[in-house]
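Hi everyone, thanks for coming. Let me put the sequence and the model up on the screen, and then we can walk through them together.

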Amino acid sequence: MYYVKSLMYGGMDGIITMFNIIASTTGANISSVYTIIISLTVLIADASSMGISDYMSYEAEQEANKNDVSETSPLYHGLVTFLSFIIFGAIPLILYIVLSKYFKEQLFGVLLICMTIAFIILGALRSKITNEPWYYTSGKMVLMGNATSILAYLISNKLTSFIKK
């Protein structure tokens, strides 16, 4: 499969980026309306940026290795990264929209559990492609993905408390 890197890169970054934004706005007690506006904007802008960056990097790699002709198109890599970012990045946003209506105080904790499940699914997808054990690939994604989001939540929460004093 030629597009594994682009699929995993876009998907993992989509989930992490979007969940970090939601974690930050939740930690800073920003209203859900602004969280949704910021998240939708970043979802589209970052997916575009990721797709363009992947396209440009594959194009440069092909140019640098002219003798080693690749069967894949840089444009397809960019599109796979873009779509993967959009699809996987929409997961935290959709969950936030739905769950913020029902969980006010425990929203971050509930979202963290849901994102753990999303990382497990993405890790299992990687496992199917790479033949690595699903628990290894999923575990790595859960650990790395949730660590960044917990960090985002804690930083925004502490900065908000500090600034409000």
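Let's begin with Ser156, which sits in helix α5, residues 134–164. A quick word on terms: helices (H or I, at least four residues) and strands (E, at least two) are DSSP runs, numbered from the N terminus. Please keep in mind that this is a predicted model, where local features need pLDDT of at least 70, side-chain atom pairs count only at pLDDT 80 or more, and totals for chains, interfaces and linings use all residues. Residues are numbered from 1 along each chain as its sequence is written, and side-chain values use heavy atoms, with hydrogens and water left out.

Is Ser156 buried or exposed? It counts as buried because its relative accessibility is 10%; buried means under 20% relative accessible area, exposed over 50%, and partly exposed in between, with a 1.4 Å probe and protein chains only. The side chain of Ser156 reaches the backbone oxygen of Ser24 at 2.9 Å. That is a polar contact, meaning a pair of N or O atoms within 3.5 Å; within protein, one must be able to donate a hydrogen and the other to accept it, and residues adjacent in sequence count only if both atoms are side-chain atoms. If we set aside neighbours within four places in sequence, Ser156 is in contact (heavy atoms within 4.5 Å) with Ala23, Ser24, Gly27 and Ala28.

Further along, Ser161 is also in helix α5. Ser161 counts as partly exposed, because its relative accessibility is 37%. From Ser161 to Asp46 is 115 residues in sequence and 29 Å in space, C-alpha to C-alpha.

Now a serine in another helix: Ser39 lies in α2. Ser39 has a relative accessible area of 0%, so it is buried. Leaving out neighbours within four places in sequence, Ser39 is in contact with Met18, Ile21, Ile22 and Leu93.

Let's step back to the whole chain. It has five helices and zero strands, and spans about 60 × 30 × 25 Å along the principal axes of its C-alpha trace. Of its 165 residues, 41% are buried. Among contacts with a separation of 6 or more, 74% join residues 24 or more positions apart.

What about the inside? The largest nonpolar core has 25 residues, and those with the most contacts inside it are Ile15, Leu111, Met115, Phe119 and Leu122. A nonpolar core here is a set of buried Ala, Val, Leu, Ile, Met, Phe, Trp, Tyr and Cys residues joined through side-chain atoms within 4.5 Å. Helices α1 (4–27), α3 (74–99), α4 (107–130) and α5 each supply at least two residues of this core, and the largest share, ten residues, comes from α4. Apart from this core lies another, of nine residues, among them Met18, Val42, Phe85 and Ala90.

Last stop, the largest pocket, with 18 lining residues; the closest to its centre are Thr26, Asn29, Lys104, Glu105 and Leu107. For the definition: on a 1 Å grid over the protein atoms alone, a cavity is a set of points where a 1.4 Å probe fits but cannot get out, while a pocket is an open set with protein on both sides within 12 Å along at least five of seven lines, and lining residues have an atom within 4 Å of a point. Which helix gives the most to the lining of the largest pocket? That is α4, with three residues.
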